[in-house]
Amino acid sequence: MARPGMRIGKILGIPIYLHSTWVIVFAGLTYLLFSQFEQQKPGWTSTQLWSVGLSTSVLFFASLLFHELAHSVVAQHYKIRVLSITLFIFGGVASIERDPSKAIQEFNIAVAGPFASGILAALFWALIKVFPGNESVVSVCTWLSATNLWLAVFNLLPGFPLDGGRIFRAIIWGATKNFSRATRVAGTSGRLIAYAMILLGGFAVFKGSVGFGLWTVIIGFFLLNAAQESVAQLAIRETLTGLRAADVMSQEVPTVGRAISLEEYGAEVLRTGRRCHLVITEDRLVGMMNVHKLNSVPRDEWDLTSVQAVMIPRERILWATPDEPLLGLLERLLTADINQMPIVSGSDDGAAHIIGMVTRDSILRVMQTRSELGPLSFGTASK
Ligand SMILES: [Zn+2]
């Protein structure tokens with residue numbers, strides 16, 4: 001998800017986002033809870049029904065957030081940066097900067113989520129025992145206790161991308177020392193679980209539980225897609241293993257002067273087909289310019305605006321060194337949502353020289369060629 005949604009705050013240094021699909025499920029869940037309590041509690045006023053429905057919904061999403069924060073705290077403990085937590089239609093997702101480097105780390109990060117949900121289930125259950133006379137509290141806490149318990153158990157199913165799939169992968173990874181094989185096994189079992197959910201959901205619809213059945217089918221498809229994606233990511237990882245920035249960079253580094261207008265820059269892009277240029281003045285690098293920046297200015301202002309006014313200034317350009325592993329570089333490109341990065345090599349006199357450019361396209365081309373050559377090319381990667 002490139003655009004995670006609306007930012008609602010920051011906890012432990014991690015930005016928290018609400019995805020647009022979250023609104024649908026929040027409204028739907030609140031309404032569902034309202035109707036459920038309406039049937040169970042005929043004596044309640046509609047104000048009471050709405051307020052209980054609404055607070056249950058809010059606490060449910062707070063529970064999801066707590067679950068993701070638990071994963072995040074353990075990841076941060078292993079010095080893995082947590083980029084964001086996003087709540088969306090199927091729950092929450094914490095995106096971390098990189099995969100854990102050891103099986104035990106992956107195990108602990110994965111297990112923290114279901115553990116946190118289990119703790120919440122126990123906590124809400126305890127509240128029922130503390131306030132047995134308060135009907136609203138009992139209703140809210142009963143639902144939340146059961147739901148958090150269900151979240152803990154469901155997420156422990158041993159298939160990717162569920163937490164249980166990561167735990168499963170960590171165990172195989174630890175036992176076989178083979179990350180790729182562990183990922184494939186967890187991916188396959190994730191697909192089996194997804195197919196089982198789709199079948200079960202279909203069966204439930206057939207039996208008359210239309211809402212529950214359809215929802216199960218939808219989650220099944222979502223999991224199926226995610227399981228396939230995680231195996232595809234593994235393929236990318238394997239293809240790029242052993243390659244470094246210098247292997248794919250283009251040695252041509254197109255440049256432009258800072259004083260030219262955007263109109264002139266546009267003409268240069270059209271003439272050469274190059275989408276990114278370093279901005280140079282008197283042989284010194286001052287910034288980077290690209291088509292994306294060009295398009296951020298309205299067309300009728302192009303002849304009055306200089307490249308210098310809209311370029312990415314030198315200090316904000318992201319760099320790579322020639323021997324940076326390509327996989328990490330690709331991740332940095334994707335995280336920063338940019339298309340290219342200059343490759344800089346330090347020389348003996350301490351001055352940095354730009355020796356080339358790596359673009360997303362050039363990485364994709366290498367991946368395609370390598371996958372066409374087949375698995376024979378693995379292990380023969382230049383070091
Ligand atoms: Zn989780």
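**View 1. Helices H7 and H12 pack at an angle of about 130°.** In this predicted model, H7 spans residues 210-240 and H12 spans residues 326-336. Their axes lie 8 Å apart. H7 contributes Ile236, Arg237 and Leu240 to the contact, and H12 contributes Leu326, Leu327 and Leu330. Five of these residues are nonpolar, one is charged and none is polar.

**View 2. The largest nonpolar core holds 23 residues.** Trp22, Phe60 and Phe61 have the most contacts inside this core. Helices H1 (20-40), H2 (46-77), H3 (103-130) and H4 (135-155) each supply at least two of its residues. H1 gives the largest share, seven residues.

**View 3. Phe61 and the residues it touches.** Leaving aside residues up to four places away in sequence, Phe61 touches Trp22, Val25, Phe26, Leu29 and Leu87. Another core, of 16 residues, lies apart from the largest one. Among its members are Ala245, Ala320, Ile343 and Ile363.

**View 4. Leu12 has a positive phi in a loop between two strands.** Most residues other than glycine have a negative phi. The phi of Leu12 is about 55°. Its loop joins strand E1 (6-11) and strand E2 (14-18). Leu12 is exposed, with a relative accessible area of 51%.

**View 5. Lys79 also has a positive phi without being a glycine.** Here phi is near 65°. Lys79 sits in the loop between H2 and strand E3 (82-88). Is Lys79 buried or exposed? Lys79 counts as exposed, at 70% relative accessibility.

Terms used. Residues are numbered from 1 along each chain as its sequence is written. This is a predicted model: local features need pLDDT of at least 70, side-chain atom pairs count only at pLDDT 80 or more; totals for chains, interfaces and linings use all residues. Side-chain values use heavy atoms; hydrogens and water are left out. Axes are lines fitted to C-alpha atoms, for helices over the stretch in contact, and angles run from 0 to 180 degrees between N-to-C directions. Helices (H or I, at least four residues) and strands (E, at least two) are DSSP runs, numbered from the N terminus. Contact means heavy atoms within 4.5 Å. Ala, Val, Leu, Ile, Met, Phe, Trp, Tyr, Cys and Pro count as nonpolar, Asp, Glu, Lys and Arg as charged, and the others, Gly among them, as polar. A nonpolar core is a set of buried Ala, Val, Leu, Ile, Met, Phe, Trp, Tyr and Cys residues joined through side-chain atoms within 4.5 Å. Buried means under 20% relative accessible area, exposed over 50%, partly exposed in between (1.4 Å probe, protein chains only).
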